[in-house]
Amino acid sequence: MWDRLRGSRAAGGGRSAAAMAQRGAEGGERGPAEEGGEGEPRAGAERGPSGAAAPFQPPEGGFGWVVVFAAAWCNGSIFGIHNSFGIIYTMLQSDLGEGKKDPTLEFKTAWVGSLAMGMIFFCSPIVSIFTDRIGCRTTAALGAAIAFIGLLSSSFTKSLEVRYFTYGILFGCGSSFAFQPSLVILGHYFKRRLGLANGIVAGSSCLISVPLPFFLKMVGKAIGLAHTFQVLSALMLIQIFLSLTYRPLLPPSCDSQHDGQDKLGSRSMRQQCWAQMRKYFNLRVFRRKTYRIWAFGIATAVLGYFVPYMHLVKYVEKEFKETKKDWILPVCLGGMSGLGRLISGRIGDCIPGLKKIYLQVASFVLFGIMCMMIPQCRGFEGVIVICLFLGLCDGCFTTIMAPIAFELVGPMQASQAIGYLMGLMAVPMTAGTPIAGYFNDYFQNYHAGFYFAGVPPIIGSLVLSVVPLVHQRMLQKQRLDSGKDKMLTPEAVVNGELLPGCPASEAHM
């Protein structure tokens, strides 16, 4: 998932590239693509017709296609494993339920996958800092190594509590650190072909994530849960080496580094620490009312979002005694999610401004209704149809998230806005599946859990539908208060079209 997020953050990286190239070396003959990109500027730089330093131009291919393959493998393997947890969930229960009957087994087991998914979002703001400080390549390789250790160590224990740490914490954190740099690195290699690169990553990752549930079902029966974890860890081992291809082409600006060092050198240690904290934990986006409402609506809607991914496979096994074809359900979810990304991406490009939110609203409403329709199904085929709609809604929701963030806070704050949003999503997304598992244990069926999963998306969609209305009222108030235009700060620019250092006359060139 989050393929559209990749394109938007990568686009942000492309924009910052031009700014850095214009600020940086007024003459270095070396381009940013050369190794390290360090050193003082030298005379004789190529200049444009206006005499300014030529902006950075991505290579639009070449080694970038290797990076595309690495990003596709990263997305397909990581989210293929997470979205296929319904298969692992049944294997965990079978492994733990041998010779004993625990009435709270559903609730306890659900925490394993829920922690792993929640940690992806919880670590998002932290990963953004690591990516800025040590680069995409080191961050991604470190994350893949942690995920590899988490999966491998999960194979050497049968303790549920230990797997909370190995699978839930280690694999979840590692997934976040390995995944997010793939959102940024494509902007180093593509600008004109960025849409094509994102499309290839989205389509190629589905080639891994869609057949993975069937593979897990077959392998799990043949070699057992412990060896299945070892096989999955091999995917992360490969990702460690693929992450080394994330060679950055956009070095940090030498001038900005020197200026920052001069400023920090004249401050006390306490002031330096506070300045760094403010730099990397900037809460400026929360000053915008529309962003606060949007973030609250999203966090509310995802409370039951992961419930179908975890409990559907077990549900059809108990309700319809279907144990041979249950792998079809996560395949349908993953396949339709990929189709939903493509469809909603094209539709979202045709919808102006914040009206894109209504596409998210429709996705959440339909998702909630489909969740509550699951207990009404009288056959396995009906559940398959519902899974097709759930996957479609998932693709629409995730695809349109980043463009909405750009509309709300502008491109220079979009990365922070998305990072904080994913952090806010961590708690409800982690808590949703254990709550549904508790209902399953208490009522001895899955009906209450799916009804519970359907309510938060509908409530969240109602909150989201208010955002465009509030945005319009704010714009009308600004027009009526025209006498205060000169007092407005750059933060008041809500369409995100002006970039730092970009004159208003050149903003639309």
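# Chat about a predicted model

Colleague: Quick one to start. Is Q57 buried or exposed?
Modeller: Q57 counts as exposed, at 54% relative accessibility. Exposed means over 50% relative accessible area, buried under 20%, and partly exposed in between (1.4 Å probe, protein chains only). The areas come from the Shrake-Rupley method with a 1.4 Å probe, and for residues only the protein chains shown count as cover.

Colleague: What am I looking at, and which atoms count?
Modeller: This is a predicted model, in which local features need pLDDT of at least 70, side-chain atom pairs count only at pLDDT 80 or more, and totals for chains, interfaces and linings use all residues. Residues are numbered from 1 along each chain as its sequence is written, and side-chain values use heavy atoms, with hydrogens and water left out.

Colleague: Back to Q57. Where is it found?
Modeller: Q57 is in the loop between α1 (3-23) and α2 (64-83). Helices here are DSSP runs of H or I with at least four residues, strands are E runs of at least two, and both are numbered from the N terminus.

Colleague: How far is Q57 from H188 in space?
Modeller: It's 8.9 Å, C-alpha to C-alpha. In sequence, Q57 and H188 are 131 residues apart.

Colleague: Switching to charges. How many salt bridges does a search of the whole structure find?
Modeller: One. The rule wants a side-chain nitrogen of Lys or Arg within 4 Å of a carboxyl oxygen of Asp or Glu.

Colleague: Which side chains meet in it?
Modeller: K217 and E317, at 3.6 Å, N to O. K217 sits in helix α11 (residues 212-243) and E317 in helix α15 (residues 307-319). The pair links distant parts of the chain, 100 residues apart.

Colleague: And are K217 and E317 buried or exposed?
Modeller: K217 is buried, and E317 is too. In general, side chains of opposite charge can pair when their charged atoms come close.

Colleague: What about positive charge on the surface?
Modeller: There is a positive patch there, made of K289, R292, R473 and K477. Patch residues have over 30% relative accessible area and no salt bridge; like charges are joined within 9 Å, and nonpolar side chains (Val, Leu, Ile, Met, Phe, Trp, Tyr) within 5 Å. Lys and Arg count as positive, Asp and Glu as negative, while His and the chain ends are not counted. A charge is placed at NZ of Lys, CZ of Arg, CG of Asp or CD of Glu.

Colleague: Which helices supply that positive patch with at least two residues each?
Modeller: α14 (289-301) and α21 (467-480). R292 is in helix α14. R292 counts as partly exposed because its relative accessible area is 39%.

Colleague: Which residues form the nonpolar patch on the surface?
Modeller: I126, F130, I134 and L142, with about 300 Å² of accessible area together. Helix α5 (residues 124-134) gives the most, with three residues. L142 is in helix α6 (residues 136-154). With a relative accessible area of 38%, L142 is partly exposed.

Colleague: New topic, cysteines. How many disulfides?
Modeller: A disulfide here is a pair of cysteine sulfur atoms within 2.5 Å. By this rule the count is zero. C332 is in none; its nearest cysteine sulfur, from C387, is 6.1 Å away. C332 is buried, at 12% relative accessible area. C136 is buried as well, at 5%.

Colleague: Last bit. Where is M370, and how far is it from F450?
Modeller: M370 is in helix α17 (residues 357-373). M370 is buried, at 12% relative accessible area.
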